[in-house]
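Good morning. I will go through one structure today, chain by chain. Please look at the picture while I talk.

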Amino acid sequence: MVHIVDRRLNGKNKSVVNRQKFIRRYKTQIKKAVADAISNRDRSISDIDKGGKISIPRKDTDEPVFHHGQGGVNNTIHPGNKKFIPGDVIERPNSDENKGSQASNDGEGLDDFSFELSKEEFLNFFFDDLALPNLVKTKLASVEEFTIAHAGFSNVGIPPNINIVRSVKGALGRRIALKNPLRKRVKILQSQLEQLEQSEVPDLKLINDLELAIKKLKIRIHAIPFIDDFDMRYNNFTKLPRPVTQAVMFCIMDVSGSMDRVRKDMAKRFFMLLYLFLTHNYKKIEVVFISHHTTAKEVDEEEFFYSQETGGTVVSTALELTKEIIHKRFPTADWNIYVAQASDGDDWDIDPQKCRDILVKDIMPYVQYYAYIEVASDLPQSLWTEYSKIEVLFDNFVMQKIKEVGEIYPVFHELFKKQSIE
Amino acid sequence: MNKKSSKKPYIGNRFPETNEWTFELINDYHHEIKRIADEFGLDTYPVVLEIINSEQMMDAYSAAGMPLRYSHWSYGKQFLHTQQSYKRGQMGLAYEIVINSNPCIAYLMEENSMTMQALVIAHAAYGHNSFFKNNYLFETWTSADSIIDYLLFSKNYINECEGRYGEETVELFLDSCHCLMNYGVDRYKRPASITLEEEKIRQKEREDYLQSQVNEIWKTLPKKEDSDEKKKKKRFPEEPQENILYFIEKNAPLLQPWQREIIRIVRKTAQYFYPQRQTQVMNEGWACFWHYTILNTMYDEGLVSDRFIMEFLHSHTNVVLQPDYDSKWYSGINPYALGFAMMMDIRRICEKPTEEDRHWFPDIVNTDWIKTLNFAAQNFKDESFIAQYLSPELIRKFKFFSILDDDKKKTFEVTAIHNDKGYQTIRQTLSKHYDLSFYEPNIQVYEVNHTGDRSLTLRHYQCDRKPLDNSVDEVMKHVKRLWGFPVRIETQDEKGKVSLLHALRDDE
């Protein structure tokens with residue numbers, strides 16, 4: 001009888017420690033690769049919370065050892081001779097050609113070492129880039145969220161959870177229930193006693209017995225505790241999954257000529273972060289992309305990030321469109337509305353005032369949060385000045401100037417803070 | 001499937017025609033395989049079969065097949081690499097992994113069909129197993145009884161070091177040790193095997209002893225009486241040392257006791273794997289020979305069906321396939337193919353020798369093939385095995401030819417082919433292929449300047465004018481990290497001319 005061990009159920013993930021060590025060691029390279037992946041065309045905003053394939057330069061991961069270089073005398077044996085006889089001379093293959101064929105051997109080329117990052121790992125690197133505070137990181141990375149809710153009462157619990165009213169009520173009922181029969185008997189005995197005392201020849205012995213019985217009953221009544229262990233009632237709590245509802249996220253971006261690749265990339269991260277926040281609070285999320293220059297239109301994600309337009313900028317057209325879409329498709333009773341707007345702050349003449357009016361009257365009353373980033377401009381632009389006035393009016397309106405991705409987070413600061421208090 | 005647990009369930013009775021394995025079937029197949037192996041006189045360690053899934057197989061891959069190993073990022077890299085290529089379908093996983101331990105542990109993958117499981121049992125649990133137990137290299141250099149204990153000890157020790165001195169410190173130190181792993185192999189006889197408990201006590205003793213030694217060696221106070229002797233200037237070490245890691249472990253002045261112990265662990269592990277690197281052709285050839293022989297015997301006895309033997313032969317042929325040099329699948333000589341062919345050839349020479357064989361192998365023609373084959377498996381390594389047993393018949397079969405690549409000439413030259421004149425040359429050249437010192441540059445500790453800047457000098461002894469690769473600069477950084485003082489590497493050509501390759505000063 002041979003010893004057969006079924007190992008399939010144990011010892012899985014033996015390599016986890018080694019994997020973590022690897023990832024920690026190549027943090028810098030992986031971070032760069034993650035950043036590239038985010039800017040990548042194939043990666044949509046709603047893909048942000050998936051893992052992904054990452055490639056880092058192979059030469060960085062090499063472990064050097066002593067070995068022979070090219071040159072010297074090499075005498076080698078090969079199988080499958082078909083045509084050679086001793087003394088045959090073969091042209092030396094061009095060393096460049098040699099290299100070329102080597103590189104194509106592997107599907108990816110030998111220069112890259114690629115592997116899969118899990119969702120958590122991917123997000124971690126994404127967060128690092130955005131300089132998110134730790135609390136927020138854990139909140140976003142955690143899969144489920146709960147709220148604590150009352151769930152009736154229980155007769156076990158800890159002292160801080162005692163429900164006094166319930167406990168005392170219970171005790172009262174118990175006292176009444178236990179005392180009443182005894183009291184009734186005391187009453188009966190007492191009336192007998194009175195009759196006896198009023199009779200002409202009091203039977204002293206009987207009176208004595210009755211008095212003793214009454215006394216005993218009174219002691220029993222007295223012994224009933226005011227409050228007892230099993231009267232105690234405690235407030236009971238239970239963890240409920242956070243109620244899931246639906247949200248819509250508007251991404252508004254200026255696509256005029258002045259928004260270049262780098263700025264759009266930054267804006268993409270800004271939208272991604274908001275999206276990520278929403279995924280953890282809402283079950284269903286719709287994303288509406290609105291791009292504008294002098295006119296605004298609703299577009300798909302591909303066009304949103306990668307089409308290049310020219311011309312001037314009229315921001316109010318985008319806000320008008322947003323307003324329209326909200327009214328038509330997203331009744332506020334059913335939808336939580338979030339708006340994220342990115343622009344370089346440039347706007348046409350008196351348009352900023354118009355923007356302010358639309359925002360104050362037709363948009364702000366309906367949205368949960370409005371975040372605006374102005375990408376890479378030094379001097380306050382006209383739009384910024386007008387928006388500053390709105391910021392004073394509404395708590396849920398936040399704006400920020402951004403030069404690098406690390407500065408995006410403060411825009412959402414309020415949003416995340418609110419969540420943590422809840 | 002009517003008789004389940006009787007002792008010889010399927011003798012004269014065919015195994016059921018099923019492709020799915022069950023624990024009972026594995027047990028029954030193993031029973032038959034063991035019986036046949038015993039009849040052929042295979043001497044093995046007891047067998048443990050472990051069923052694992054593909055992920056565990058990848059785990060095992062990244063730990064070089066060992067059931068446990070200390071953790072290091074490079075194993076993580078290996079794992080990710082394997083996982084990625086497996087997922088993309090670029091490679092299949094090996095059917096088996098077998099561990100040179102007592103009892104011998106063989107892994108069976110759950111995806112394998114019953115035929116494959118039988119193949120693996122015969123190949124690994126009996127083929128490799130008996131090779132591990134009897135080959136002189138394994139006998140001298142590895143201790144199958146204590147290897148698992150030692151691995152556990154080293155895993156725990158390194159874990160403890162990480163806790164005490166910081167993960168990064170330990171990791172960087174291990175990196176440096178790994179660089180020199182191939183230069184940590186000892187040719188001396190191994191010490192007697194010891195248990196985990198003893199290992200711990202000895203480690204403590206070693207630690208204290210070594211530390212006291214180091215302080216002695218580097219005592220720098222000059223003594224007046226010594227001034228005469230100083231002029232003679234004794235060289236240290238007196239002879240060049242080939243085991244660089246051993247030399248550093250014993251002599252590097254600034255290392256902490258735990259660092260010396262880690263060097264020792266890396267060195268010991270390298271030594272455990274050394275015989276495997278020297279006997280690849282033989283080991284695989286031997287295992288293939290036995291799975292082929294055992295499973296064919298089962299077929300001859302009528303135990304297994306035609307379908308079984310066809311599936312087996314299909315896998316077997318894939319394993320021992322040797323593509324020609326001009327095939328797009330060609331990536332050097334397949335050790336399985338060469339080893340298997342040579343083992344089969346030795347049996348042929350013993351049983352049905354030709355005139356040529358009588359001339360080339362007068363000692364083994366018409367001898368008992370089992371004895372001859374056992375002798376070969378026990379007493380050789382790849383290099384000497386090929387030099388001894390590669391027959392002209394095989395050279396013709398493989399159509400071997402030899403190519404000379406001299407960087408001073410503009411063209412390659414064909415120096416020998418499979419004809420009378422070429423047999424000896426091909427045999428010798430091929431044998432040299434498997435000499436590790438031919439592949440690995442010969443680098444030794446040459447000198448320590450123990451009266452001056454304490455610098456360590458390594459010397460590379462050239463062979464066939466082959467230079468060292470550029471990686472030498474990187475490796476020397478690691479050597480310096482281990483040694484702690486300036487390090488230099490020189491190269492000596494075959495005429496004895498020495499030139500400096502790379503040097504790192506104190507501040508570099």
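I start with a term: pLDDT is the predictor's confidence in each residue, from 0 to 100. We need that because this is a predicted model, in which local features need pLDDT of at least 70 and side-chain atom pairs count only at pLDDT 80 or more, while totals for chains, interfaces and linings use all residues. On bookkeeping, residues are numbered from 1 along each chain as its sequence is written, chains are lettered from A and ligands numbered from 1 in the order in which they are written, and side-chain values use heavy atoms, with hydrogens and water left out.

Chain A first. Its mean pLDDT is 79, and 83% of its residues reach 70 or more. Where in chain A is confidence lowest, and where is it highest? The lowest is helix α4 (residues 95-105) of chain A, with a mean of 41, and the highest is α7(A), at 90. Helices here are DSSP runs of H or I with at least four residues, strands are runs of E with at least two, and both are numbered from the N terminus. Over residues 96-109 of chain A, pLDDT stays under 50, and the model has 9 contacts for them beyond four places in sequence. A contact means heavy atoms within 4.5 Å. Where pLDDT is low, the predicted coordinates should not be read in detail.

In total, chain A has 14 helices and 13 strands. Of its 422 residues, 42% are buried. Buried means under 20% relative accessible area, exposed means over 50%, and partly exposed is in between, with a 1.4 Å probe and protein chains only. Take the contacts in chain A between residues at least 6 apart in sequence: 82% of them join residues at least 24 apart.

Now helix α7 of chain A, which covers residues 164-198. One of its residues is A:Arg174. Is A:Arg174 buried or exposed? A:Arg174 counts as buried, because its relative accessibility is 10%. Leaving out residues up to four places away in sequence, A:Arg174 touches A:Ile224, A:Pro225, A:Phe226, A:Ile227, A:Asp228, A:Phe230 and A:Asp231.

Two packed helices are described by the angle between their axes and the distance between the axes. The axes are lines fitted to C-alpha atoms, for helices over the stretch in contact, and the angles run from 0 to 180 degrees between N-to-C directions. The axes of α7(A) and helix α8 (residues 204-223) of chain A come within 10 Å and cross at roughly 160°. The two helices are therefore roughly antiparallel to each other. As for the cut-offs, angles under 35 degrees count as roughly parallel, over 145 as roughly antiparallel, 65 to 115 as roughly perpendicular and the rest as oblique. The crossing of α7(A) and α8(A) is left-handed. Left-handed means the near helix is turned anticlockwise from the far one by less than a right angle, and right-handed means clockwise. By class, the contact of α7(A) with α8(A) has 12 nonpolar, 2 polar and 7 charged residues. Ala, Val, Leu, Ile, Met, Phe, Trp, Tyr, Cys and Pro count as nonpolar, Asp, Glu, Lys and Arg as charged, and the others, Gly among them, as polar.

On to chain B. Its mean pLDDT is 85, and 90% of its residues reach 70 or more. Residues 1-11 of chain B stay under 50, and the model has 21 contacts for them beyond four places in sequence. Chain B has 21 helices and 9 strands, and 55% of its 508 residues count as buried.

In chain B, the axes of helix α7 (residues 167-179) and helix α11 (residues 257-278) come within 10 Å and cross at roughly 45°. That makes α7(B) oblique to α11(B). Their crossing is right-handed. The contact of α7(B) with α11(B) has 8 nonpolar, 3 polar and no charged residues. Among the residues that meet are B:Phe173 in α7(B) and B:Trp258 in α11(B).

Last, some backbone details. Most residues other than glycine have a negative phi, and most peptide bonds are trans. A cis peptide bond joins B:Asn102 and B:Pro103, with omega about 0°. B:Pro103 lies in the loop between β2 (96-99) and β3 (104-109) of chain B. B:Arg454 has a positive phi, near 65°, and is in the loop between β6 (442-448) and β7 (456-461) of chain B. That is where I stop.
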